Amino acid sequence: ALILIKMSYYCFLYIQGYIEIYEELQEVIEVLETDPHFREKLQTANTEDIKNGRLSKELDLVSHHVRTRLDELKRQEVSRLRMLLKAKLDSLQMDHASLLKQFEHLDPHNQNTFEAKDLELLISTATKDLENYDAERHEEFKRYEMLKEHERREYLKSLDQEKREKEEKRMQELKEKHRQHPKVNAPGSVDQLREVWEETDGLDPQEFNPKTFFKLHDTNEDGVLDEQELEALFTKELEKVYDPKNEEDDMMEMEEERLRMREHVMKNVDANKDRLVSLEEFLKSTEKKEFSNPKEWETLENKPVYTEEELQRFEAELRDKEEELKRRAETLLQEQELLRERGKALEAQRREYQQAVLEMSQRQKEQQAVDGQPPAGPNGELQFQPQTQKPEDKGKLTVTYPALLLHSLACVLIH
């Protein structure tokens, strides 16, 4: 469970960093597009011009108000990064790799103005993240599957032979039940797209039109299908295999299947490798032989994501981590016992001090009684006791200390 939480945390940090850099780049591009000269250069630039930084040199020619807005954006981003740095430095568990990654997309030597170097770094960082993002997701899924198999084996080991055989039979039945699903159409094929056209769009499959289909699913109307718009097309196919109500269906596997489908379509359709599918690219893909006669799509249950050797290395890593956690737990228990003993010693000292204060107070009262001084109160104030008259003193004028005090006070008031 601890490993799963840690894996999810690292995955979250990676995705969060990717989203923030992507949004920063998107905001910069929106500002730059308000400049007619840069907008024209952006429309005519190819992918290589953008990736290798040639487009960044055009930044020197944009208008003053655009540069002013970009400077403001950079100062905001620097301020955000400073807050992030402070928050992570205050944390007890710092992920230094993720921390340093936050600063890759800006020139650290210039924190006030947005220059060509910043645009180049921003584009290169976003491009690198996009290229590594899918590989990271595949690796995380592999570790998830290995952990699941490890836990399954450990659970079976804990059972006696009769229960183990019964549980193995049940698990095999669930696996076979999962395999019994309808045929999955190859993503991006005519059959797959026609199914979406009919069941999602509610249109006649015989009137399927690729150009109309493209425009229907370009939901933000930007003229391209991005990765999210493509992945939405595979929901119908995934529902054939995965149902969240079924014990045998794993939703993590469903998302891995969705990623595989999107990668398959991008590989065959995205000609310029910009991770976007234009209308022209989409229409060209419908003319290929694979569009009408694709290979049968193999789902995950037929494609193991790890080898037995990889699983053994993973289990060895888990054992090492478990031993490390045990050592830390033992150290913490020892520290806890030490703190408990120190607490007991401090409590004993506190009681000794209290007893000493009480004894000192009692001795002080006894000494005051011997000296004939009025006893002191709890806060050191004088306390006066009513004085009783002895039988032999009857008829005599007795002046007590309180009476003298009152007499003196009366004299002062009269004067």
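Guide: What follows starts at the pocket, moves to a helix that lines it, and then takes up ring pairs, contacts and backbone angles elsewhere. The model is predicted.

The second largest pocket holds about 970 Å³ of space. It is lined by 27 residues, and those closest to its centre are E145, K148, E149, K175 and E253. Two elements, α6 (116-157) and α7 (161-179), each give two or more residues to this lining. The largest share comes from α7, with 8 residues. By class, the lining of the second largest pocket is made up of 16 charged, 9 nonpolar and 2 polar residues.

Helix α7 can be checked for its length. Its 19 residues should span 27 Å at 1.5 Å a residue, and the C-alpha atoms at its ends are 27 Å apart, so the two values agree. Within α7, the buried residues are E167, L174 and H178. Viewed down the helix axis, the buried residues of α7 fall within an arc of 40°, and therefore they line one face of the helix. Q161, E162, K166 and K169 are exposed on the other side of α7.

Next come the aromatic rings. Searching the whole structure gives 5 aromatic pairs. One of them joins F141 and Y144, a tilted pair with 6.3 Å from centre to centre and 35° between the planes. F141 and Y144 are 3 residues apart in helix α6, which means that about one helical turn separates them. Buried means under 20% relative accessible area. F141 has a relative accessibility of 5%, so F141 counts as buried. Y144 has a relative accessibility of 17%, so Y144 counts as buried.

A second pair joins W197 and F208. Their ring centres are 5.4 Å apart and their planes meet at 80°, so this pair is edge-to-face. W197 lies in helix α8 (residues 190-200), while F208 lies in the loop between α8 and α9 (210-217); the two are 11 residues apart, and the pair links distant parts of the chain. W197 and F208 are both buried. They also belong to a cluster in which ring pairs link W197, F208, F213, F214 and F282.

D191 and S292 are 101 residues apart along the chain, and their C-alpha atoms are separated by 7.7 Å.

H217 belongs to helix α9. With a relative accessible area of 11%, H217 is buried. From H217 to L230 there are 13 residues along the chain, and the C-alpha atoms of these two are separated by 8.3 Å.

V305 sits in the loop between α14 (289-292) and α15 (308-371). V305 counts as partly exposed, at 25% relative accessibility.

Two backbone angles remain. Most residues other than glycine have a negative phi. E221 is not a glycine, yet its phi is positive, about 55°. This residue is in the loop between α9 and β1 (224-225). E221 has a relative accessibility of 70% and so counts as exposed. K273, another residue other than glycine, has a positive phi near 60°. K273 is placed in the loop between α12 (251-269) and β2 (277-278). The relative accessible area of K273 is 46%, so K273 is partly exposed.

To return to the request, the second largest pocket has a lining with 16 charged residues, and α7 supplies the largest share of that lining. In α7, the buried residues line one face, and the exposed residues Q161, E162, K166 and K169 are on the other side.

Terms used: Residues are numbered from 1 along each chain as its sequence is written. This is a predicted model: local features need pLDDT of at least 70, side-chain atom pairs count only at pLDDT 80 or more; totals for chains, interfaces and linings use all residues. Side-chain values use heavy atoms; hydrogens and water are left out. On a 1 Å grid over the protein atoms alone, a cavity is a set of points where a 1.4 Å probe fits but cannot get out, and a pocket is an open set with protein on both sides within 12 Å along at least five of seven lines; lining residues have an atom within 4 Å of a point. Grid points are joined across faces, edges and corners, and a volume is the space filled by probe spheres set on the points. Helices (H or I, at least four residues) and strands (E, at least two) are DSSP runs, numbered from the N terminus. Ala, Val, Leu, Ile, Met, Phe, Trp, Tyr, Cys and Pro count as nonpolar, Asp, Glu, Lys and Arg as charged, and the others, Gly among them, as polar. The expected span of a helix is 1.5 Å times one less than its number of residues. Buried means under 20% relative accessible area, exposed over 50%, partly exposed in between (1.4 Å probe, protein chains only). The arc is that of the directions from the helix axis to the C-beta atoms. Rings of Phe, Tyr and Trp (its six-membered ring) pair if their centres lie within 6.5 Å; planes under 30 degrees apart count as stacked, over 60 as edge-to-face and the rest as tilted.
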